[in-house]
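In these entries I record what I looked up about how the parts of this structure meet.

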Amino acid sequence: MIVTAYAPLFPLRIAILGARMAWDNPIALGPVPGDPQVIGACTPAAWDDGVRPGTGVGEAMARCAALDLVAPDPDAVRVAVDRVTARLEGLGAAVEPHGGQMWSFAADGLVRLHGGLPVLMRRTRAALPVGCDGRVGAAPTPFPSREAARGGVVVHADEVTGFLAPLPASRLPLAAASHRLLGSLGLRTLGQVAALPHAAVLDRLGRDGERAWLMARGEDAARLSPRTPPEPMEEVMDFPDPVGALPALEVAMRMLIMRICGRATGRGRSVRALVLRARTWDGGSWTSTVALREATADPARVCIACTPRLGRIGAPVTRLASEADAGGPPDAGQMSLVAQPDDERRRRAAAAIAQVRAAEGDAQVLGLVEIEPWSRLPERRWALGPYEA
Amino acid sequence: MGTRSLRGIADPGPVRVIASPGGAPHAVITDGRRRLVVAVRDSWRVQDRWWTDAPVDRSYFDVVLEPGRPALIYRETSGQWFLHG
(Lines give C-alpha, C1' and ligand atoms only; values in the text may rest on other atoms or scores of the structure.)
Protein backbone atom coordinates (compact mmCIF):
# COMPACT_ATOMS: atom_id res chain seq x y z
CA MET A 1 0.00 0.00 0.00
CA ILE A 2 1.27 3.48 -0.90
CA VAL A 3 0.29 6.23 1.53
CA THR A 4 0.23 9.82 0.26
CA ALA A 5 -0.08 13.00 2.31
CA TYR A 6 -1.50 16.00 0.48
CA ALA A 7 -1.45 19.67 1.45
CA PRO A 8 -3.44 21.47 -1.27
CA LEU A 9 -2.10 24.81 -2.49
CA PHE A 10 0.86 24.46 -0.16
CA PRO A 11 3.11 27.07 -1.90
CA LEU A 12 0.24 29.59 -1.86
CA ARG A 13 -0.43 28.98 1.84
CA ILE A 14 3.24 29.50 2.65
CA ALA A 15 3.32 32.78 0.69
CA ILE A 16 0.11 34.01 2.35
CA LEU A 17 1.45 33.07 5.78
CA GLY A 18 4.65 35.01 5.06
CA ALA A 19 2.67 38.05 3.88
CA ARG A 20 0.38 37.86 6.96
CA MET A 21 -2.78 37.92 4.88
CA ALA A 22 -6.11 36.14 5.40
CA TRP A 23 -6.85 32.94 3.47
CA ASP A 24 -10.53 33.94 3.06
CA ASN A 25 -9.65 36.92 0.83
CA PRO A 26 -9.20 36.71 -2.95
CA ILE A 27 -5.45 36.20 -3.22
CA ALA A 28 -3.24 34.67 -5.91
CA LEU A 29 0.44 33.98 -6.36
CA GLY A 30 2.03 36.70 -8.45
CA PRO A 31 4.28 36.01 -11.43
CA VAL A 32 7.87 34.96 -10.85
CA PRO A 33 10.34 37.65 -11.98
CA GLY A 34 11.51 36.83 -15.48
CA ASP A 35 8.61 34.47 -16.21
CA PRO A 36 5.43 35.28 -18.20
CA GLN A 37 3.14 37.73 -16.41
CA VAL A 38 0.51 35.20 -15.38
CA ILE A 39 -0.75 34.42 -11.91
CA GLY A 40 -0.21 31.13 -10.08
CA ALA A 41 -2.42 29.29 -7.60
CA CYS A 42 -5.30 31.24 -6.09
CA THR A 43 -7.53 31.03 -3.03
CA PRO A 44 -11.14 29.76 -3.22
CA ALA A 45 -12.43 33.35 -2.91
CA ALA A 46 -10.42 34.36 -5.97
CA TRP A 47 -11.57 31.21 -7.78
CA ASP A 48 -15.20 32.15 -7.09
CA ASP A 49 -14.56 35.51 -8.80
CA GLY A 50 -13.40 33.78 -11.97
CA VAL A 51 -9.65 33.96 -11.41
CA ARG A 52 -7.76 30.89 -12.60
CA PRO A 53 -4.08 29.87 -12.45
CA GLY A 54 -2.40 30.85 -15.70
CA THR A 55 -4.59 33.92 -16.23
CA GLY A 56 -2.73 37.07 -17.24
CA VAL A 57 -2.24 39.55 -14.39
CA GLY A 58 -4.24 42.28 -16.15
CA GLU A 59 -7.16 39.98 -16.92
CA ALA A 60 -7.19 38.58 -13.37
CA MET A 61 -7.31 42.08 -11.88
CA ALA A 62 -10.13 42.96 -14.27
CA ARG A 63 -12.15 39.91 -13.22
CA CYS A 64 -11.62 40.50 -9.50
CA ALA A 65 -10.91 44.09 -8.46
CA ALA A 66 -10.21 43.04 -4.85
CA LEU A 67 -7.58 40.51 -5.89
CA ASP A 68 -4.30 40.69 -3.95
CA LEU A 69 -1.13 39.22 -5.42
CA VAL A 70 1.51 37.73 -3.12
CA ALA A 71 5.10 37.17 -4.17
CA PRO A 72 6.02 33.46 -4.47
CA ASP A 73 8.47 32.42 -1.77
CA PRO A 74 10.18 29.28 -3.18
CA ASP A 75 12.80 29.38 -0.44
CA ALA A 76 10.22 29.18 2.36
CA VAL A 77 8.32 26.47 0.44
CA ARG A 78 11.48 24.40 0.09
CA VAL A 79 12.16 24.70 3.82
CA ALA A 80 8.57 23.76 4.69
CA VAL A 81 8.58 20.79 2.28
CA ASP A 82 11.88 19.60 3.74
CA ARG A 83 10.46 19.90 7.25
CA VAL A 84 7.36 17.84 6.41
CA THR A 85 9.52 15.26 4.61
CA ALA A 86 11.78 14.98 7.65
CA ARG A 87 8.75 14.54 9.94
CA LEU A 88 7.43 11.72 7.77
CA GLU A 89 10.87 10.15 7.68
CA GLY A 90 10.67 10.29 11.46
CA LEU A 91 7.82 7.79 11.21
CA GLY A 92 10.26 5.40 9.59
CA ALA A 93 9.10 6.02 6.02
CA ALA A 94 11.23 6.40 2.88
CA VAL A 95 9.48 9.45 1.45
CA GLU A 96 9.18 10.76 -2.09
CA PRO A 97 8.10 14.43 -2.14
CA HIS A 98 5.96 15.15 -5.19
CA GLY A 99 5.29 18.58 -6.66
CA GLY A 100 5.82 20.52 -3.45
CA GLN A 101 2.46 19.53 -1.98
CA MET A 102 2.41 15.70 -1.87
CA TRP A 103 4.52 13.14 -0.04
CA SER A 104 4.27 9.42 -0.82
CA PHE A 105 5.78 6.42 0.88
CA ALA A 106 5.36 2.66 0.90
CA ALA A 107 3.49 1.58 4.01
CA ASP A 108 4.13 -2.15 3.79
CA GLY A 109 6.76 -2.30 6.53
CA LEU A 110 5.18 0.38 8.67
CA VAL A 111 1.62 -0.83 9.15
CA ARG A 112 2.50 -3.38 11.84
CA LEU A 113 5.04 -1.04 13.38
CA HIS A 114 2.37 1.61 13.96
CA GLY A 115 -0.45 -0.77 14.83
CA GLY A 116 -2.50 -0.68 11.63
CA LEU A 117 -3.11 1.47 8.56
CA PRO A 118 -5.62 3.85 10.25
CA VAL A 119 -3.08 4.69 12.98
CA LEU A 120 -0.32 5.20 10.41
CA MET A 121 -2.56 7.50 8.37
CA ARG A 122 -3.52 9.47 11.47
CA ARG A 123 0.15 9.95 12.34
CA THR A 124 0.91 10.91 8.75
CA ARG A 125 -1.84 13.52 8.91
CA ALA A 126 -0.34 14.84 12.16
CA ALA A 127 3.00 15.37 10.38
CA LEU A 128 1.41 17.98 8.09
CA PRO A 129 1.32 21.61 9.24
CA VAL A 130 -1.76 22.69 11.19
CA GLY A 131 -4.29 24.64 9.13
CA CYS A 132 -3.06 23.47 5.73
CA ASP A 133 -6.20 21.40 5.02
CA GLY A 134 -3.98 18.31 4.98
CA ARG A 135 -5.39 15.01 3.67
CA VAL A 136 -4.04 11.49 3.59
CA GLY A 137 -4.96 8.74 1.16
CA ALA A 138 -3.75 5.25 0.34
CA ALA A 139 -3.88 2.94 -2.65
CA PRO A 140 -1.84 0.02 -4.00
CA THR A 141 0.21 2.07 -6.51
CA PRO A 142 1.55 5.65 -6.58
CA PHE A 143 -0.84 7.35 -9.04
CA PRO A 144 -4.11 6.10 -7.47
CA SER A 145 -2.58 6.86 -4.06
CA ARG A 146 -1.99 10.49 -5.03
CA GLU A 147 -5.56 10.74 -6.34
CA ALA A 148 -6.89 9.07 -3.19
CA ALA A 149 -5.03 11.67 -1.11
CA ARG A 150 -6.94 14.48 -2.84
CA GLY A 151 -10.13 13.04 -1.37
CA GLY A 152 -8.55 11.66 1.80
CA VAL A 153 -9.72 8.09 1.14
CA VAL A 154 -8.29 4.58 1.16
CA VAL A 155 -8.68 2.70 -2.14
CA HIS A 156 -8.19 -1.05 -2.03
CA ALA A 157 -6.85 -3.09 -4.95
CA ASP A 158 -10.28 -4.21 -6.18
CA GLU A 159 -11.65 -0.63 -6.06
CA VAL A 160 -8.93 1.15 -8.03
CA THR A 161 -10.50 0.98 -11.50
CA GLY A 162 -13.87 2.16 -10.27
CA PHE A 163 -12.27 4.92 -8.21
CA LEU A 164 -10.22 6.30 -11.09
CA ALA A 165 -12.87 6.05 -13.82
CA PRO A 166 -14.84 9.28 -13.09
CA LEU A 167 -11.74 11.43 -12.44
CA PRO A 168 -10.83 14.03 -15.08
CA ALA A 169 -8.24 13.02 -17.67
CA SER A 170 -6.31 16.22 -16.88
CA ARG A 171 -4.93 14.43 -13.80
CA LEU A 172 -2.74 12.23 -16.02
CA PRO A 173 0.93 13.27 -16.06
CA LEU A 174 1.06 14.02 -19.79
CA ALA A 175 2.52 16.85 -21.86
CA ALA A 176 0.18 19.74 -22.68
CA ALA A 177 0.02 18.67 -26.33
CA SER A 178 -1.16 15.18 -25.33
CA HIS A 179 -3.82 16.67 -23.06
CA ARG A 180 -5.02 18.86 -25.95
CA LEU A 181 -5.16 15.76 -28.14
CA LEU A 182 -7.23 13.88 -25.54
CA GLY A 183 -9.57 16.89 -25.29
CA SER A 184 -9.96 17.08 -29.06
CA LEU A 185 -10.85 13.37 -29.12
CA GLY A 186 -13.58 14.01 -26.54
CA LEU A 187 -11.86 11.99 -23.83
CA ARG A 188 -12.71 13.77 -20.56
CA THR A 189 -12.34 11.10 -17.88
CA LEU A 190 -9.79 8.49 -16.88
CA GLY A 191 -12.43 5.82 -17.49
CA GLN A 192 -12.76 6.88 -21.14
CA VAL A 193 -8.96 6.83 -21.52
CA ALA A 194 -8.74 3.42 -19.87
CA ALA A 195 -11.30 2.02 -22.30
CA LEU A 196 -9.11 2.82 -25.35
CA PRO A 197 -7.36 -0.05 -27.14
CA HIS A 198 -3.74 -0.46 -26.12
CA ALA A 199 -2.42 -0.27 -29.68
CA ALA A 200 -4.35 2.94 -30.43
CA VAL A 201 -2.90 4.67 -27.36
CA LEU A 202 0.62 3.61 -28.30
CA ASP A 203 0.06 4.85 -31.85
CA ARG A 204 -1.34 8.30 -31.02
CA LEU A 205 0.36 9.15 -27.70
CA GLY A 206 3.60 7.16 -27.70
CA ARG A 207 5.29 5.60 -24.67
CA ASP A 208 4.27 8.41 -22.31
CA GLY A 209 0.69 7.92 -23.40
CA GLU A 210 0.96 4.20 -22.79
CA ARG A 211 2.20 4.85 -19.26
CA ALA A 212 -0.68 7.27 -18.68
CA TRP A 213 -3.10 4.66 -20.07
CA LEU A 214 -1.76 2.09 -17.61
CA MET A 215 -2.17 4.64 -14.82
CA ALA A 216 -5.78 5.25 -15.84
CA ARG A 217 -6.39 1.49 -15.61
CA GLY A 218 -4.72 1.32 -12.20
CA GLU A 219 -1.98 -0.89 -13.61
CA ASP A 220 0.89 1.53 -13.27
CA ALA A 221 4.04 -0.35 -12.31
CA ALA A 222 5.99 2.78 -11.32
CA ARG A 223 7.94 2.61 -8.09
CA LEU A 224 8.51 5.43 -5.66
CA SER A 225 11.87 7.15 -5.69
CA PRO A 226 12.29 8.14 -2.07
CA ARG A 227 14.86 10.77 -1.33
CA THR A 228 18.03 9.96 0.55
CA PRO A 229 18.07 12.16 3.65
CA PRO A 230 20.88 14.62 2.90
CA GLU A 231 23.63 15.86 5.16
CA PRO A 232 23.32 19.47 4.11
CA MET A 233 26.10 22.00 4.38
CA GLU A 234 24.98 25.60 4.39
CA GLU A 235 26.89 28.85 4.28
CA VAL A 236 25.17 32.20 4.69
CA MET A 237 26.24 35.77 4.12
CA ASP A 238 24.25 38.74 5.41
CA PHE A 239 24.53 42.18 3.90
CA PRO A 240 24.08 45.23 6.16
CA ASP A 241 22.61 47.11 3.17
CA PRO A 242 20.75 45.44 0.29
CA VAL A 243 23.18 44.62 -2.53
CA GLY A 244 22.02 44.75 -6.13
CA ALA A 245 25.43 44.91 -7.80
CA LEU A 246 26.25 41.72 -9.66
CA PRO A 247 30.04 41.91 -9.03
CA ALA A 248 29.47 42.14 -5.29
CA LEU A 249 27.06 39.20 -5.36
CA GLU A 250 29.56 37.18 -7.37
CA VAL A 251 32.29 37.83 -4.81
CA ALA A 252 29.94 36.87 -1.98
CA MET A 253 28.88 33.71 -3.80
CA ARG A 254 32.51 32.79 -4.47
CA MET A 255 33.27 33.06 -0.75
CA LEU A 256 30.29 30.86 0.13
CA ILE A 257 31.28 28.26 -2.46
CA MET A 258 34.86 28.21 -1.19
CA ARG A 259 33.58 27.46 2.29
CA ILE A 260 31.22 24.76 1.01
CA CYS A 261 33.96 23.12 -1.06
CA GLY A 262 36.34 23.35 1.87
CA ARG A 263 33.88 21.55 4.11
CA ALA A 264 33.21 18.92 1.44
CA THR A 265 36.94 18.33 1.07
CA GLY A 266 37.20 18.08 4.85
CA ARG A 267 34.63 15.29 4.76
CA GLY A 268 36.57 13.62 1.98
CA ARG A 269 33.70 14.12 -0.45
CA SER A 270 32.77 16.33 -3.40
CA VAL A 271 29.72 18.37 -4.36
CA ARG A 272 27.19 17.08 -6.89
CA ALA A 273 24.59 19.83 -6.74
CA LEU A 274 24.24 23.17 -5.08
CA VAL A 275 21.27 25.32 -4.10
CA LEU A 276 21.70 29.10 -4.22
CA ARG A 277 19.22 31.08 -2.16
CA ALA A 278 18.74 34.79 -1.75
CA ARG A 279 16.48 36.82 0.51
CA THR A 280 15.56 40.09 -1.20
CA TRP A 281 15.04 43.48 0.41
CA ASP A 282 11.27 43.44 -0.27
CA GLY A 283 10.84 40.28 1.82
CA GLY A 284 10.74 37.92 -1.16
CA SER A 285 13.17 35.16 -1.90
CA TRP A 286 14.89 33.55 -4.86
CA THR A 287 16.27 30.07 -5.19
CA SER A 288 18.09 28.19 -7.91
CA THR A 289 19.41 24.64 -8.02
CA VAL A 290 22.67 24.06 -9.87
CA ALA A 291 23.40 20.47 -10.84
CA LEU A 292 27.05 20.01 -11.73
CA ARG A 293 27.96 17.92 -14.75
CA GLU A 294 30.32 15.92 -12.55
CA ALA A 295 30.96 15.96 -8.83
CA THR A 296 33.82 18.23 -7.81
CA ALA A 297 35.28 20.02 -4.81
CA ASP A 298 37.03 22.65 -6.93
CA PRO A 299 35.51 26.06 -6.05
CA ALA A 300 36.52 27.59 -9.38
CA ARG A 301 34.58 25.00 -11.36
CA VAL A 302 31.55 25.27 -9.10
CA CYS A 303 31.65 29.06 -9.48
CA ILE A 304 31.65 28.79 -13.28
CA ALA A 305 28.41 26.82 -13.09
CA CYS A 306 26.78 29.10 -10.51
CA THR A 307 27.73 32.61 -11.65
CA PRO A 308 25.22 32.94 -14.54
CA ARG A 309 22.36 32.17 -12.15
CA LEU A 310 22.97 35.30 -10.07
CA GLY A 311 21.83 37.51 -12.95
CA ARG A 312 18.29 36.16 -12.48
CA ILE A 313 17.85 37.69 -9.03
CA GLY A 314 15.32 40.43 -9.56
CA ALA A 315 15.86 42.64 -6.51
CA PRO A 316 18.62 43.82 -4.14
CA VAL A 317 19.72 41.07 -1.79
CA THR A 318 19.95 41.18 2.00
CA ARG A 319 21.08 37.58 2.50
CA LEU A 320 22.80 35.13 0.20
CA ALA A 321 23.06 31.46 1.09
CA SER A 322 24.50 28.41 -0.53
CA GLU A 323 23.59 24.86 0.37
CA ALA A 324 24.99 21.58 -0.85
CA ASP A 325 25.22 18.00 0.25
CA ALA A 326 28.57 16.28 0.05
CA GLY A 327 27.27 13.33 -1.93
CA GLY A 328 29.99 13.06 -4.53
CA PRO A 329 32.89 10.61 -4.55
CA PRO A 330 36.03 11.60 -2.67
CA ASP A 331 38.40 11.65 -5.61
CA ALA A 332 36.30 13.84 -7.91
CA GLY A 333 37.80 16.86 -9.59
CA GLN A 334 41.17 15.42 -10.61
CA MET A 335 41.08 16.91 -14.08
CA SER A 336 44.55 18.28 -14.76
CA LEU A 337 47.41 16.07 -15.92
CA VAL A 338 50.07 18.78 -16.13
CA ALA A 339 50.62 21.24 -13.29
CA GLN A 340 50.35 24.92 -14.21
CA PRO A 341 53.45 27.11 -13.55
CA ASP A 342 51.66 29.33 -11.03
CA ASP A 343 50.18 26.46 -9.07
CA GLU A 344 53.10 26.12 -6.68
CA ARG A 345 53.16 29.86 -5.90
CA ARG A 346 49.41 29.87 -5.30
CA ARG A 347 49.62 26.76 -3.14
CA ARG A 348 52.31 28.33 -0.96
CA ALA A 349 50.40 31.60 -0.64
CA ALA A 350 47.23 29.69 0.28
CA ALA A 351 49.14 27.65 2.88
CA ALA A 352 50.60 30.85 4.39
CA ILE A 353 47.17 32.48 4.57
CA ALA A 354 45.68 29.34 6.09
CA GLN A 355 48.37 29.42 8.79
CA VAL A 356 47.66 33.08 9.58
CA ARG A 357 43.96 32.27 9.76
CA ALA A 358 44.58 29.32 12.05
CA ALA A 359 46.76 31.42 14.34
CA GLU A 360 44.87 34.71 14.36
CA GLY A 361 41.35 33.84 13.26
CA ASP A 362 39.37 34.45 10.06
CA ALA A 363 38.86 38.13 10.74
CA GLN A 364 42.59 38.86 10.47
CA VAL A 365 42.89 38.04 6.76
CA LEU A 366 40.59 40.24 4.76
CA GLY A 367 40.28 41.23 1.14
CA LEU A 368 38.71 44.20 -0.57
CA VAL A 369 35.28 43.52 -2.09
CA GLU A 370 33.60 45.76 -4.64
CA ILE A 371 30.05 46.56 -3.52
CA GLU A 372 28.85 49.53 -5.57
CA PRO A 373 31.93 51.20 -7.05
CA TRP A 374 29.74 53.74 -8.84
CA SER A 375 28.00 54.88 -5.64
CA ARG A 376 28.33 58.53 -4.70
CA LEU A 377 28.56 57.50 -1.04
CA PRO A 378 32.16 56.40 -0.30
CA GLU A 379 31.14 53.94 2.42
CA ARG A 380 29.02 52.00 -0.07
CA ARG A 381 31.74 51.50 -2.70
CA TRP A 382 33.94 48.93 -1.01
CA ALA A 383 33.89 46.56 1.94
CA LEU A 384 36.22 44.08 3.58
CA GLY A 385 35.40 40.41 3.37
CA PRO A 386 37.20 37.14 4.10
CA TYR A 387 40.21 36.94 1.81
CA GLU A 388 40.07 34.25 -0.83
CA ALA A 389 43.44 32.85 -1.78
CA MET B 1 25.85 26.53 9.22
CA GLY B 2 28.37 29.35 9.02
CA THR B 3 27.34 32.99 8.90
CA ARG B 4 29.67 35.73 7.72
CA SER B 5 29.20 39.33 6.83
CA LEU B 6 31.11 42.07 5.07
CA ARG B 7 32.84 44.74 7.11
CA GLY B 8 32.48 48.31 5.94
CA ILE B 9 35.45 50.52 5.19
CA ALA B 10 35.45 54.31 4.90
CA ASP B 11 32.51 54.35 7.28
CA PRO B 12 31.92 57.95 8.34
CA GLY B 13 32.25 58.96 11.98
CA PRO B 14 31.15 62.18 13.69
CA VAL B 15 33.82 64.89 13.98
CA ARG B 16 33.99 68.44 15.34
CA VAL B 17 34.53 71.05 12.65
CA ILE B 18 34.91 74.81 13.04
CA ALA B 19 33.27 76.36 10.02
CA SER B 20 33.44 79.84 8.57
CA PRO B 21 30.23 81.91 8.44
CA GLY B 22 29.89 80.91 4.78
CA GLY B 23 29.74 77.22 5.80
CA ALA B 24 33.18 76.18 4.56
CA PRO B 25 35.31 74.19 7.05
CA HIS B 26 38.01 76.21 8.78
CA ALA B 27 39.47 73.65 11.18
CA VAL B 28 38.88 70.01 12.09
CA ILE B 29 39.41 68.62 15.58
CA THR B 30 40.71 65.05 15.33
CA ASP B 31 42.49 62.96 17.95
CA GLY B 32 42.01 65.87 20.40
CA ARG B 33 44.03 68.22 18.18
CA ARG B 34 42.84 71.21 16.23
CA ARG B 35 44.04 71.01 12.64
CA LEU B 36 43.56 73.95 10.32
CA VAL B 37 42.18 73.39 6.85
CA VAL B 38 45.03 74.37 4.53
CA ALA B 39 43.03 73.99 1.31
CA VAL B 40 39.61 72.96 0.11
CA ARG B 41 40.38 70.96 -3.03
CA ASP B 42 36.78 70.37 -4.02
CA SER B 43 33.27 70.56 -2.68
CA TRP B 44 30.02 69.02 -3.90
CA ARG B 45 26.52 68.12 -2.82
CA VAL B 46 25.15 64.57 -2.68
CA GLN B 47 21.44 63.85 -2.48
CA ASP B 48 20.85 60.14 -2.71
CA ARG B 49 18.65 57.27 -1.52
CA TRP B 50 15.67 59.63 -1.41
CA TRP B 51 13.44 56.66 -2.21
CA THR B 52 14.28 54.99 1.11
CA ASP B 53 13.45 55.70 4.74
CA ALA B 54 16.98 57.02 5.23
CA PRO B 55 17.54 59.67 2.54
CA VAL B 56 21.03 61.16 2.20
CA ASP B 57 21.70 64.88 1.86
CA ARG B 58 25.38 65.77 2.34
CA SER B 59 27.67 68.70 1.53
CA TYR B 60 31.10 67.18 0.87
CA PHE B 61 34.47 68.92 1.27
CA ASP B 62 37.68 67.34 0.04
CA VAL B 63 40.18 69.20 2.24
CA VAL B 64 43.84 69.17 3.15
CA LEU B 65 44.55 69.50 6.87
CA GLU B 66 47.84 70.74 8.26
CA PRO B 67 50.46 69.45 7.89
CA GLY B 68 49.36 68.11 4.52
CA ARG B 69 46.95 65.35 5.51
CA PRO B 70 44.06 64.82 3.04
CA ALA B 71 40.59 64.26 4.50
CA LEU B 72 37.06 63.84 3.20
CA ILE B 73 34.45 65.47 5.43
CA TYR B 74 30.80 66.29 4.97
CA ARG B 75 28.02 68.19 6.68
CA GLU B 76 24.50 66.85 6.95
CA THR B 77 21.42 69.05 6.81
CA SER B 78 21.25 68.82 10.62
CA GLY B 79 24.59 70.66 10.80
CA GLN B 80 26.48 67.60 12.11
CA TRP B 81 29.89 67.02 10.52
CA PHE B 82 31.35 63.61 9.64
CA LEU B 83 34.81 62.42 8.63
CA HIS B 84 35.26 59.41 6.35
CA GLY B 85 37.64 56.89 7.92
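I began with strand pairing: Leu384(A) has Arg7(B), in β2(B), as its bridge partner. Strand β12 (residues 382–386) of chain A and strand β2 (residues 7–8) of chain B run antiparallel and are joined by two bridges. Strands are DSSP runs (E, at least two residues), numbered from the N terminus, and two strands pair if DSSP finds at least two bridges between them.

I noted the conventions. The model is predicted, local features need pLDDT of at least 70, side-chain atom pairs count only at pLDDT 80 or more, and totals for chains, interfaces and linings use all residues. Residues are numbered from 1 along each chain as its sequence is written, chains are lettered from A and ligands numbered from 1 in the order written, and side-chain values use heavy atoms, without hydrogens and water.

Next I looked up the contact (heavy atoms within 4.5 Å) between the chains: 21 residues come from chain B and 25 residues from chain A. The buried area is about 2100 Å², with 57% from carbon and sulfur atoms; this is the accessible area (1.4 Å probe) that two parts lose on being put together, summed over both.

I then searched for salt bridges (a side-chain nitrogen of Lys or Arg within 4 Å of a carboxyl oxygen of Asp or Glu). The rule finds one across the interface of chain B and chain A. Arg58(B) forms a salt bridge with Glu379(A), and their closest N and O atoms are 2.8 Å apart. On the side of chain B that touches chain A, β1 (2–5), β6 (33–48) and β7 (56–65) of chain B each supply at least two residues.

How values were computed. Helices (H or I, at least four residues) and strands (E, at least two) are DSSP runs, numbered from the N terminus.
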